[in-house]
Amino acid sequence: MRAYKHLFFDLDRTLYDFDTNNRDALRELYALYKLEENTGTAFDSFMEVYTGVNLSLWADYKKNLISKEELNLWRFEKTFGTLGITHPHPAGFAAKYLELSPLKTRLLPGTHEVLDYLGKRYRLHILTNGFEEVQYRKLDTCRLRTYFTTVITSEQAGARKPDPAIFRYALSVAGASPDEVLMIGDDPETDILGARQEGIDQVWLAQPGENSPIQPTYRIGRLEELKAFL
């Protein structure tokens, strides 16, 4: 094992329980606008359509095919269009979502304990593709900001994972060489392959039963497992 000095963490689905928080925020907005009552569309049906639309648009966003403003509007515009929802206007719903979602505070199990442990041994950094203003609010709301020496977003770097440029930028900001860094994330392509292309070792936080042809340096199923070898 290399003598790591810096740990780069992805945020969503690695530390921040994005799926639970996202669902809770959307359920709250669905109730606020009385969408089930007014449209007859159950929330679960809305989530099924929205999830597919959102994943497709995020794939385009990572490839620089659309802007973050287009992503945030179109995911609701397309979902509303598919379900025949005419009120509220998608732009208003999208703006409300960006206000509400970073206020949700569910973290993956063991997040604070693991960061407490690792923060005494390494310099910790966030490396995220998420919207800058939203990610900073999540870190503050969840009391995570103080653990990290730097918070590096794709907007700040001018490139999105897995583009090697964002990893080079992160190394420069951290003042680190690739052999001193370990990248920890949930996405085999953006986090694992992206880091590997720059000679950075990686830890894949995989879901139960999840497999990928992209082989990481290390694989774990729970954050707490990091303490066994770091």
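Which hand does the crossing of helix 4 and helix 5 have, left-handed or right-handed? Keep that question in mind while we look at the whole protein, and remember that what you see above is a predicted model.

Let's begin with the overall picture. The protein contains 11 helices and six strands. Its C-alpha trace spans about 60 × 35 × 30 Å along the principal axes. The radius of gyration is 18 Å, which agrees with the value near 17 Å that a compact globule of 230 residues would have. Of those 230 residues, 52% count as buried. Taking contacts between residues at least 6 apart in sequence, 63% join residues at least 24 apart.

Now let's walk through some helix pairs. Two packed helices are described by two things, the angle between their axes and the distance between the axes. Find helix 3, residues 43-62, and follow how it packs against helix 4: the angle is about 150 degrees and the axes are 9 Å apart. Angles over 145 degrees count as roughly antiparallel, and helix 3 and helix 4 are therefore roughly antiparallel to each other. Their crossing is right-handed. From helix 3, the contact is made by F46, V49, Y50, V53, N54, L57, W58 and Y61, and from helix 4 by K68, L71, W74, R75, F76, K78, T79, F80, T82 and L83. Sorted by class, this contact has 12 nonpolar, three polar and three charged residues.

Next, stay with helix 4, residues 68-83, and turn to its packing with helix 5. Here the angle is about 125 degrees, and the axes lie 8 Å apart. Helix 4 and helix 5 are therefore oblique to each other. And here is the reply to our opening question: the crossing of helix 4 and helix 5 is right-handed. Helix 4 brings N72, L73, R75, F76, E77 and F80 to this meeting, while helix 5 brings P90, A91, F93, A94, A95, Y97 and L98. By class, the contact has 10 nonpolar, one polar and two charged residues.

Between helix 4 and helix 5 runs a loop, and P88 sits in it. The peptide bond leading from H87 to P88 is cis, with omega near 5 degrees.

Helix 5, residues 90-100, has another partner in helix 1, residues 18-32. These two pack at an angle of about 130 degrees, with their axes 10 Å apart. That makes helix 1 oblique to helix 5. This crossing is right-handed. On the helix 1 side you will find F18, N22, A25, L26, E28, L29 and L32, and they meet F93, K96, Y97 and L100 in helix 5. The classes here are eight nonpolar, one polar and two charged residues.

While you are at helix 1, look at the loops on either side. In the loop between strand 1 (6-9) and helix 1 you will find R13. R13 has a positive phi of about 70 degrees although it is not a glycine. With 31% relative accessibility, R13 counts as partly exposed. K34 lies in the loop between helix 1 and helix 2 (35-39). K34 also has a positive phi, of about 50 degrees, and is not a glycine either. Its relative accessible area of 47% makes K34 partly exposed.

Is T190 buried or exposed? Buried means under 20% relative accessible area, and T190, at 6%, is buried. Leaving out residues up to four places away in sequence, T190 touches K62, N129, K161, P162 and F167. Take K161 from that list: T190 and K161 are 29 residues apart in sequence, but their C-alpha atoms are 4.9 Å apart in space. The peptide bond from K161 to P162 is cis, with omega near 15 degrees. P162 belongs to the loop between helix 8 (154-157) and helix 9 (164-174).

How values were computed:
Residues are numbered from 1 along each chain as its sequence is written. This is a predicted model: local features need pLDDT of at least 70, side-chain atom pairs count only at pLDDT 80 or more; totals for chains, interfaces and linings use all residues. Side-chain values use heavy atoms; hydrogens and water are left out. Axes are lines fitted to C-alpha atoms, for helices over the stretch in contact, and angles run from 0 to 180 degrees between N-to-C directions. Helices (H or I, at least four residues) and strands (E, at least two) are DSSP runs, numbered from the N terminus. Angles under 35 degrees count as roughly parallel, over 145 as roughly antiparallel, 65 to 115 as roughly perpendicular and the rest as oblique. A crossing is left-handed if the near helix is turned anticlockwise from the far one by less than a right angle, and right-handed if clockwise. Contact means heavy atoms within 4.5 Å. Ala, Val, Leu, Ile, Met, Phe, Trp, Tyr, Cys and Pro count as nonpolar, Asp, Glu, Lys and Arg as charged, and the others, Gly among them, as polar. The radius of gyration is taken over C-alpha atoms; the globule rule is 2.2 Å times the number of residues to the power 0.38. Buried means under 20% relative accessible area, exposed over 50%, partly exposed in between (1.4 Å probe, protein chains only).
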